[in-house]
Amino acid sequence: MILLIFLGVVVAFALWAVGIYNGLVTARNAFKNAFAQIDVQLQRRFDLIPNLVETVKGYMTHERQTLEAVTQARNLAQAGLSAAKADPGDPAAMAQLAQSQGVLNGALGRLLAVSEAYPDLKASQNMMQLTEELTSTENKVAFARQAYNDAVMAYNNKREVFPSSVVAGMFNFKEAALLDIPADRAEVREAPKVSF
């Protein structure tokens, strides 16, 4: 009889641990999926930038440095995204992604500010369409980032509360990092201003 009670307790404990483990895996997969949504929106943004640069290039012949800065910032941002895709939630990867996106935001902001000096460019149908798509994409990136951060917080909470923390420690569930924009860089916090 004692053996049956002991076996019942062991089976109940094993089922409880499996339930916690499965909950942690589900939460980890949720934040990875949320990061995939950021990836989709950032790729869309990256695809728009060459079109924007090409549209602007014909009008801004004296602004080659600005155009090159946007292209370099885009390449840097793509590298940051690749690093983050390799390990979503890794603090170093999320910091690199946030920093590279900040550089891109700054370069795009400067490009759009310089383009204000070209009335023909501002009136171009192609430029208006591209800036509208860019603004829409920036909004989608912000929403995707918020969803990712919410999923990371849910995962981290699940991972840190007792008794889940015991199972998380046993199976090496690492803390996931938020995709946060550094507070000391105001230009990173602001989406590129688009006004036509």
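## Starting at E160

E160 is partly exposed, with a relative accessible area of 46%. Here, partly exposed falls between buried, under 20% relative accessible area, and exposed, over 50% (1.4 Å probe, protein chains only). The side chain of E160 joins that of R159 in a salt bridge, with 3.5 Å from N to O; the term asks for a side-chain nitrogen of Lys or Arg within 4 Å of a carboxyl oxygen of Asp or Glu. R159 itself counts as buried because its relative accessibility is 18%.

A word on the basis of all this: the model is predicted, so local features need pLDDT of at least 70 and side-chain atom pairs count only at pLDDT 80 or more, while totals for chains, interfaces and linings use all residues. Residues are numbered from 1 along each chain as its sequence is written, and side-chain values use heavy atoms, with hydrogens and water left out.

## The chain as a whole

Let us step back to the overall picture. The chain holds seven helices and zero strands, and from the N terminus its elements run α-α-α-α-α-α-α. Helices (H or I, at least four residues) and strands (E, at least two) are DSSP runs, numbered from the N terminus.

The C-alpha atoms fill a box of roughly 90 × 25 × 25 Å along the principal axes. The radius of gyration is 23 Å, whereas a compact globule of 196 residues would have one near 16 Å; this quantity is taken over C-alpha atoms, and the globule rule is 2.2 Å times the number of residues to the power 0.38. Of the contacts with a separation of 6 or more, 79% are between residues 24 or more positions apart, contact meaning heavy atoms within 4.5 Å.

## Surface and burial

Buried residues make up 39% of the 196 in the chain. The accessible surface comes to about 11,000 Å², and 58% of that belongs to carbon and sulfur atoms; such areas come from the Shrake-Rupley method with a 1.4 Å probe, and for residues only the protein chains shown count as cover.

The whole structure has three salt bridges. In one of them, the side chains of K85 and D39 meet at 3.8 Å, N to O. This pair links distant parts of the chain, with K85 in helix α2 (residues 64-86) and D39 in helix α1 (residues 2-57), 46 residues apart. K85 is partly exposed at 39% relative accessibility, and D39 is buried at 15%.

Another salt bridge brings together the side chains of R45 and E138, at 2.6 Å from N to O. Since R45 lies in helix α1 and E138 in helix α5, the pair ties together parts that are 93 residues apart in sequence. R45 counts as buried at 1% relative accessibility, and E138 counts as buried at 10%.

Leaving aside neighbours within four places in sequence, V152 is in contact with F31, A176, A177 and L178. V152 and N29 are 123 residues apart in sequence, yet their C-alpha atoms are 9.9 Å apart in space.

N156 is found in helix α5 too, and is buried with a relative accessible area of 9%. Again leaving aside neighbours within four places in sequence, N156 is in contact with E175 and A176.
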